[in-house]
Amino acid sequence: MTNNGGCHVDAICTNTPGSYECHCKPGYVGNGTECFPCDENEYSFNETTCLVCPSDSNRMNKWKSILDCNCTSFNRYPDDQTSTCLPCPFGFLLDDDSNTCQSNFILFFFF
């Protein structure tokens, strides 16, 4: 522990009237005074649960959310509702930087 208001070094200390709250940082789970990193190929779903990345993905260097799971199939994104890799809708392509589907519509004007 460090001088973090009594919170773990991997927690965020928030002042409240007359007290404080400890919450583990994204990628960690615990009660705030103790925080543990999620295991390989897992991401933190909330402060108390680590979930495994979808089976058709590999983990990137970050592990703060399901968006850090890299789907291996073409044009698929990690969906936080189903915890699976889903295809981008028609007209959308996967943006590798944000790991989300982005509109790919190109307007053509014919004269």
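This is a predicted model: local features need pLDDT of at least 70, side-chain atom pairs count only at pLDDT 80 or more; totals for chains, interfaces and linings use all residues.
Residues are numbered from 1 along each chain as its sequence is written, and side-chain values use heavy atoms, with hydrogens and water left out.

## Chain overview

The chain has zero helices and twelve strands. Helices (H or I, at least four residues) and strands (E, at least two) are DSSP runs, numbered from the N terminus. The order along the sequence is β-β-β-β-β-β-β-β-β-β-β-β.

Of the 111 residues, 30% count as buried; buried means under 20% relative accessible area, exposed over 50%, and partly exposed in between (1.4 Å probe, protein chains only). Among contacts (heavy atoms within 4.5 Å) with a separation of 6 or more, residues 24 or more positions apart account for 16%.

## Disulfides

There are six disulfides in the structure, a disulfide being a pair of cysteine sulfur atoms within 2.5 Å. With the bonded cysteines numbered in sequence order, the pairing reads 1-2, 3-4, 5-6, 7-8, 9-10, 11-12. Cysteine 13 is in no disulfide, and the nearest cysteine sulfur, that of cysteine 7, is 3.8 Å away. At 25% relative accessibility, cysteine 13 counts as partly exposed.

| Disulfide | S to S distance | S-S torsion |
|---|---|---|
| Cysteine 24 and cysteine 35 | 2.2 Å | about -90° |
| Cysteine 53 and cysteine 69 | 2.0 Å | -70° |
| Cysteine 71 and cysteine 85 | 2.1 Å | about -90° |

The torsion of cysteine 24 and cysteine 35 is about -90°, so this disulfide is left-handed. The pair links distant parts of the chain, with cysteine 24 in strand E2 (residues 19-24) and cysteine 35 in strand E4 (residues 35-37), eleven residues apart. Both cysteine 24 and cysteine 35 are buried.

The link of cysteine 53 and cysteine 69 is left-handed as well, with -70° about the S-S bond. Cysteine 53 lies in the loop between strand E6 (50-52) and strand E7 (57-59), and cysteine 69 lies in strand E8 (residues 69-71), so the bond ties together parts that are 16 residues apart in sequence. Cysteine 53 counts as buried because its relative accessibility is 5%; cysteine 69 is buried at 1%.

The bond of cysteine 71 and cysteine 85 is left-handed because its torsion is about -90°. Cysteine 71 belongs to strand E8 and cysteine 85 to strand E10 (residues 84-87), so parts that are 14 residues apart in sequence are tied together. Cysteine 71 is buried, with 7% relative accessibility, and cysteine 85 is buried, with a relative accessible area of 6%.

## Nonpolar core

The largest nonpolar core has six residues: Cys7, Ala11, Cys22, Cys24, Tyr28 and Cys35. A nonpolar core is a set of buried Ala, Val, Leu, Ile, Met, Phe, Trp, Tyr and Cys residues joined through side-chain atoms within 4.5 Å. Not counting residues up to four places away in sequence, alanine 11 touches Asn4, His23, Cys24, Lys25, Gly32 and Cys35.

Aspartate 10 is in the segment before strand E1 (11-16). Aspartate 10 is buried yet has no salt bridge, and the nearest side chain of opposite charge, lysine 25, is 4.8 Å away. A salt bridge is a side-chain nitrogen of Lys or Arg within 4 Å of a carboxyl oxygen of Asp or Glu; Lys and Arg count as positive and Asp and Glu as negative, while His and the chain ends are not counted. Leaving aside neighbours within four places in sequence, aspartate 10 is in contact with Cys24, Lys25, Tyr28 and Cys35.

Valine 29 is in strand E3 (residues 28-30) and is buried, with a relative accessible area of 13%. Beyond four places in sequence, the contacts of valine 29 include Cys24, Glu34, Cys35, Phe36, Thr48, Thr49 and Cys50. The C-alpha atoms of valine 29 and threonine 49 are separated by 6.3 Å, and the two residues are 20 residues apart along the chain.
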